[in-house]
Amino acid sequence: MTTTSTDPAVSESLEFDEFDRRGGLVTLSWEGAQRLSQTGLVEVLPSGRDTWRLLPNGRVGSVKVEGLSVRVLPAASLGLTQLFFLLDHAADDPFLGSAVPARDDDELWISVAESLAALAHAALAAGPLRGYRRVDEALTTVRGRIRLGDQIRRHPGMTLPLEVTYSEFTPDIAENRILRTAAHRLQFLPDLPDTTRRRLAMVDARLAEATLIGQGAPVPQWTPTRLNARFQDALALADRIVRRISVEVEDGHASSAAFVTEMPSLFERFVAAELTAVLDGPGSRLLADPVVNLDSGSEDDGEPSTGRHRAPSDGDHIPVRTGLVYEVDDEPVTTFVATYPTDRRARAADHYRLLAACTALGVDRAYLVYPAQRRGDTPLPRRIVHTDISIIEYPVDLSGGPAASRAAIVELAGQARDLATAPTARHRRQGRRHAR
């Protein structure tokens with residue numbers, strides 16, 4: 001739902017829930033509408049001369065085009081700034097809440113820019129990083145070693161120039177390229193405080209010897225080491241800015257700026273990374289969708305075959321998508337499915353999937369993990385009729401920030417470990433091993 005009038009003459013800012021299907025009207029030039037459409041944040045449908053109807057299309061984020069700000073907010077009680085700092089991480093590479101403070105949701109761009117400026121200035125206080133970089137070059141003198149293969153192929157019968165490879169101690173390394181590119185892009189954002197813009201420009205100037213990464217170009221890899229320790233907080237943020245925020249600049253001003261992401265894949269990755277970090281260990285592991293068949297290939301009823309039924313071939317079974325399967329001593333204990341739709345009816349298909357997975361795996365409990373719709377939501381066990389199987393609906397409140405969200409997953413992992421140590425679970429695993 002929009003927070004401003006849909007009168008195109010007065011619309012300057014539109015805000016939608018990600019599942020909103022009513023949309024809103026805006027006035028944009030053809031070029032502006034094209035830029036907005038290319039971000040993938042919303043569908044842009046013509047609705048008259050220079051008037052367009054915007055409809056969310058399954059992504060969340062924030063885009064600025066021609067003075068118009070369009071925001072699509074997650075339905076999971078999660079603001080854009082919280083989303084940026086919470087979900088775009090791996091379990092071993094999280095944002096540090098103390099190092100990267102999040103501000104109010106309507107200040108996403110200012111929050112990101114000010115955070116980067118503060119972290120970059122702290123990192124650069126003792127000067128830029130330098131490192132060795134491999135250089136392949138054609139020179140008139142020998143430097144490093146001669147690449148004989150390239151020399152013969154490119155300059156047959158010639159002694160000069162020489163194709164050489166050498167290592168150069170330079171500031172033009174991956175860390176500085178990423179940090180400079182992030183500061184360079186953000187300083188062109190509209191509506192930034194002058195002090196923030198100047199601080200970003202100073203970072204850009206300090207790292208002028210590092211090559212800027214082009215929009216859409218591959219981002220170089222960097223590895224945390226002792227040598228770049230003081231840069232790691234700044235680089236964690238800069239790397240995500242370069243990968244996830246696009247800024248198109250014309251005549252020294254941003255013609256568009258966009259941060260767009262897909263919530264379902266981010267939520268699923270968050271749950272998988274956190275569960276893996278807790279449950280993987282000696283004698284236990286978390287498997288992603290191991291292949292399990294729902295059928296055995298035979299009826300095993302003790303009666304002779306009548307010949308009227310065809311026996312399945314080796315490749316003709318019913319495979320089941322099992323989710324994240326927790327195993328102890330190579331035997332399944334339980335399984336988890338992370339799902340993003342917050343509507344109960346939309347989760348029905350996941351219940352059927354988990355029922356089939358439990359049946360195929362031979363376990364009696366599974367967890368359906370999803371973002372909480374409101375604070376205070378608690379897990380809800382659902383016992384499936386005519387079976388011993390229970391499916392636990394397990395809400396995760398993302399609005400509490402990274403620490404609270406991670407704590408909820410740790411508690412979930414603890415429940416799975418308790419299942420593994422329960423007497424009935426141990427007996428079940430022993431019975432399966434004896435049956436083999």
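## Aromatic pairs

Three aromatic pairs occur in this structure (rings of Phe, Tyr and Trp, with its six-membered ring, whose centres lie within 6.5 Å; planes under 30 degrees apart are stacked, over 60 edge-to-face, and the rest tilted). One of them joins F19 and Y340 in a tilted arrangement, 6.4 Å centre to centre with 45 degrees between the planes. F19 lies in the loop between β1 (13–17) and β2 (24–27), and Y340 in the loop between β16 (331–338) and α9 (348–361), 321 residues apart. Y340 counts as buried at 3% relative accessibility, whereas F19 is partly exposed at 45% (buried means under 20% relative accessible area, exposed over 50%, partly exposed in between, with a 1.4 Å probe and protein chains only).

W30 and W52 form another tilted pair, 5.8 Å centre to centre and 50 degrees between the planes. W30 belongs to helix α1 (residues 30–38) and W52 to strand β4 (residues 51–56). W30 is exposed at 52% relative accessible area, while W52 is buried at 9%.

## Basis of the model

The model is predicted: local features need pLDDT of at least 70 and side-chain atom pairs pLDDT 80 or more, while totals for chains, interfaces and linings use all residues. Residues are numbered from 1 along each chain as its sequence is written, and side-chain values use heavy atoms, leaving out hydrogens and water.

## Residue R199

R199 is part of helix α6 (residues 194–206) and is partly exposed, at 35% relative accessibility. Leaving aside residues up to four places away in sequence, R199 touches A117, A118 and H121 (a contact means heavy atoms within 4.5 Å).

Note on methods. Helix = DSSP H or I, 4+ residues; strand = E, 2+ residues; numbered from the N terminus.
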